[in-house]
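Here is a short report on helix packing and aromatic side chains. Look over the model first, then read on.

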Amino acid sequence: MEYGIFGLIILVLDIYAIYQTLTSSASTLAKVVWTLVIFILPVLGFIAWLIAGPRGASARV
């Protein structure tokens, strides 16, 4: 049961990351690359997206 909850949390976080990526102001190529990275490597892709992923207009300083 513990792994099921962990998997569900990862799924929700990945869906959030993909949504934020697709609605960002990044180029189409960057959106496709980030989406593929998140799909192929769910945990590592999410962590990489948190560190270096495209940011929305509200997150820019």
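## Thr35 and its contacts

Beyond its neighbours within four places in sequence, Thr35 touches Ile18, Thr21 and Leu22. This is a predicted model. Thr35 sits in helix H2, which spans residues 28-40. Its relative accessible area is 12%. The cut-off for buried is under 20%, so Thr35 counts as buried.

Helix H3 covers residues 42-52, and its buried residues are Gly45, Phe46 and Trp49. Viewed down the H3 axis, these buried residues fall within an arc of 100°. They therefore line one face of the helix.

The face of H3 turned away from that buried side looks different in exposure: Leu44 and Ile51 are the exposed residues there.

## Aromatic pairing

Two aromatic pairs turn up in a search of the whole structure. One of them joins Tyr16 and Trp49. The geometry is edge-to-face, with 6.0 Å centre to centre and 90° between the planes. Tyr16 belongs to helix H1 (residues 2-22) and Trp49 to helix H3, so the pair ties together parts that are 33 residues apart in sequence.

Trp49 is buried, at a relative accessible area of 5%. Tyr16 is partly exposed, at 44% relative accessibility.

## The aromatic cluster

Which residues form one aromatic cluster? Tyr16, Phe46 and Trp49 do. Phe46 and Trp49 are also among the buried residues of H3.

Note on methods
Residues are numbered from 1 along each chain as its sequence is written. This is a predicted model: local features need pLDDT of at least 70, side-chain atom pairs count only at pLDDT 80 or more; totals for chains, interfaces and linings use all residues. Side-chain values use heavy atoms; hydrogens and water are left out. Helices (H or I, at least four residues) and strands (E, at least two) are DSSP runs, numbered from the N terminus. Buried means under 20% relative accessible area, exposed over 50%, partly exposed in between (1.4 Å probe, protein chains only). Contact means heavy atoms within 4.5 Å. The arc is that of the directions from the helix axis to the C-beta atoms. Rings of Phe, Tyr and Trp (its six-membered ring) pair if their centres lie within 6.5 Å; planes under 30 degrees apart count as stacked, over 60 as edge-to-face and the rest as tilted.
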